[in-house]
2 protein chains.
Amino acid sequence: MSAAVVTRSHTKRRVLVVDDEENVTHLVSSALRFDGFETITADNGTSALAKVAESDPDLIVLDVMMPGLDGLGVLQNLRSAGSQVPVIFLTARDAATDRIGGLRAGADDYVVKPFSVEELLARVHAVLRRSSPEDARDGVLTIADLELDENSHEVARAGVEVHLTATEFELLRFLMRNERVVLSKSQILDRVWKYDFAGQSNIVELYIGYLRKKVDAVEPKLIHTIRGAGYVIKAPRR
Amino acid sequence: MSAAVVTRSHTKRRVLVVDDEENVTHLVSSALRFDGFETITADNGTSALAKVAESDPDLIVLDVMMPGLDGLGVLQNLRSAGSQVPVIFLTARDAATDRIGGLRAGADDYVVKPFSVEELLARVHAVLRRSSPEDARDGVLTIADLELDENSHEVARAGVEVHLTATEFELLRFLMRNERVVLSKSQILDRVWKYDFAGQSNIVELYIGYLRKKVDAVEPKLIHTIRGAGYVIKAPRR
DNA sequence: CCTATAGTTAACACAGGTTTGACGCTCAGG
DNA sequence: CCTGAGCGTCAAACCTGTGTTAACTATAGG
C-alpha cells in the first residue's frame, strides 16, 4: 500500500467520469484533461464498476440518475466492496430533495445539474485536497498584488479587499488558474457559465468590465484584451 | 510502547470507525479525515478487533448494535485484554437508556443515532482532549471578541454571555471551527443537522438569522453571507 | 398532564445579482 | 482617412437567493 502511494504521488490523478449523456462526460472529461488529469469515462453503472476495477481511479464523478444501475447503486457496490475512493455526485434534482440519497449515502460532495464546469472542477480539487496529502495546497491564487482565496472567497488587490459577486469570482478564478494563457470568449462562456446557458450576448465582455473596475483599476493592469482571441491575466514581465 | 508514544506524538491521530452500515462509516470517516485524522474502518466486531491489533488506534467509534460480535462484546474483549483505548459508542435511540449501564463498563462517551456529524466530532475531540495530554487544548474557540467554550457550552460576545440553543450552538461551533472558510448551506445541513434530516426549507438561513441576532448584533459583524456560495465567519482584516 | 422551550415549515418581501439590448468607442486594414 | 468588426459601457428588466415573520409541531421539564 505504501509503495502504491509513493508511486502514485508523482503520476497524474486519474478521474472516472460516469454519465449516460455523452455530452456531459465529454464536457467534464475534456475540462479535467485540460486541467492535467487523466480521465476515463463510462456511460452506465455496470461499465463504471468494471472501469474502477481495471483502472483504480483517484476520484469518481458519478451521475445519480442513469438507466439500469444508477449512481447510488454503483456507490453502494463500491463501498461494500471496501473502496474508499472519493465520489462526487451529479444530481439533476433539487439538491435538497436528493440529499438523503446523496451526500448522506456516502458521497463526498455533490454538484447540481446544470452546473458550470469551473464549479465542478473546484469541487474535484477541493475533495482531492482534503482526501490526499499530496494535493494539499492552501487554495490561494496570487498574481502580482492580486490575491484570491478559494476557501474564504476573499479577493484583494494591493492589500485592499474587494467584494465580488459569484459570477465575477468564478470568472476571476478561471483567469487566474490560467495565468498567461489566452482564453477565448467561448471558452470562458463554456467554463464559467452553466452548460445550459443559452444567451448569446456580450456577457463575457460585460463581466470582464466589472472585474476591471473592481480589481484592475490600479497599475499595473493585469487583465489584457487580445483582440480577436480573448483575454489573458498576467503580471508584467519584470 | 514508550517508543511508540514518542513517535506518535507527532503523527496524526488514528481513529477506527466500526459500523455495519457502510454509509455511516464513510460519513464518519470522511468527516474525521477532513478534520485531520487518519481513519480505519471495519464493518463488524471481529474485523474491528483485528484492525485494533494491527493498527493500534488512538480512539474507536463503535456501533453497539451489529450482527455477530456487537459493540459491547468488542469493548469487553478489548478491556479484558488490557487495552485502554478510548471508545465512543454509537447507539440507537430506544436502546439509549439500557446502554448507559453498559457504557460505564468502559466506554468513554456515547452518541445516539441518528446523530449530527459535528456532534460526533465534538465528542471525539473532547475524549481525546481529556485522555491524552498532546490533545489538551482548552476547547475555547475565539474570533475577535466572540468566544465559545466547547466544554461549558458558554458563548459570549464582547464579554457578555449569550444563551444559545443546542442547534444554534452547534451551528456557531461549526462556523468557528472553520473560520475564513465559506460553508455552503448544504454543507451546513449535512454537518450540523442529524444525518437523517429530510426537511427542505430555509432552516439554515433561519438559524443564521438567530445567531446574528444573538451574537452578531454589534460591530464588527463576523458572520458574512457569500451570496450564491454560503456563509463565512471571520474577523475583519487588520 | 400541562406548559415552556426548541425545532420546523410555509409564505412573503426585498435586495442584490444576472441578463438583455442599445449604443458608442476603438483598433486594424483597406 | 474611412469603415466595419470587435469590444466596452450603460441602464432597464428580470429573476433568484436570502432574510423575516408567524404559525405549527415536537420535545423536555415540572
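Student: How many residues of chain A are in contact with chain B, and what makes a pair a contact?

Tutor: In this predicted model, 20 residues of chain A are in contact with 22 residues of chain B; a contact requires C-beta atoms, placed from the backbone, within 7 Å. Residues are numbered from 1 along each chain as its sequence is written, with chains lettered from A and ligands numbered from 1 in the order written. Local features need pLDDT of at least 70, side-chain atom pairs count only at pLDDT 80 or more, and totals for chains, interfaces and linings use all residues.

Student: Which helix supplies the largest share of the side of chain A that touches chain B?

Tutor: The largest share, three residues, comes from α5(A). Helices are DSSP runs of H or I, at least four residues, numbered from the N terminus.

Student: Why is α3(B) called roughly parallel to α4(B)?

Tutor: Helix α3 (residues 45-55) and helix α4 (residues 71-80) of chain B pack at an angle of about 30°, with axes 9 Å apart. Angles under 35 degrees between N-to-C directions count as roughly parallel, so α3(B) is roughly parallel to α4(B).

Student: What makes residues of α8(B) buried, and which are they?

Tutor: A residue is buried if 20 or more other C-beta atoms lie within 10 Å of its own. In helix α8 (residues 185-192) of chain B, the buried residues are B:Ile188, B:Leu189, B:Asp190, B:Arg191 and B:Val192. What covers the buried residues of α8(B) includes α6 (117-131), α7 (166-177) and α9 (203-215) of chain B.

Note on methods:
Contact = placed C-beta atoms within 7 Å. Helix = DSSP H or I, 4+ residues; strand = E, 2+ residues; numbered from the N terminus. Buried ≥ 20, exposed ≤ 12 C-beta atoms within 10 Å, placed from the backbone. Axes fitted to C-alpha atoms, helices over the stretch in contact; angles between N-to-C directions. Parallel < 35°, antiparallel > 145°, perpendicular 65-115°, else oblique.
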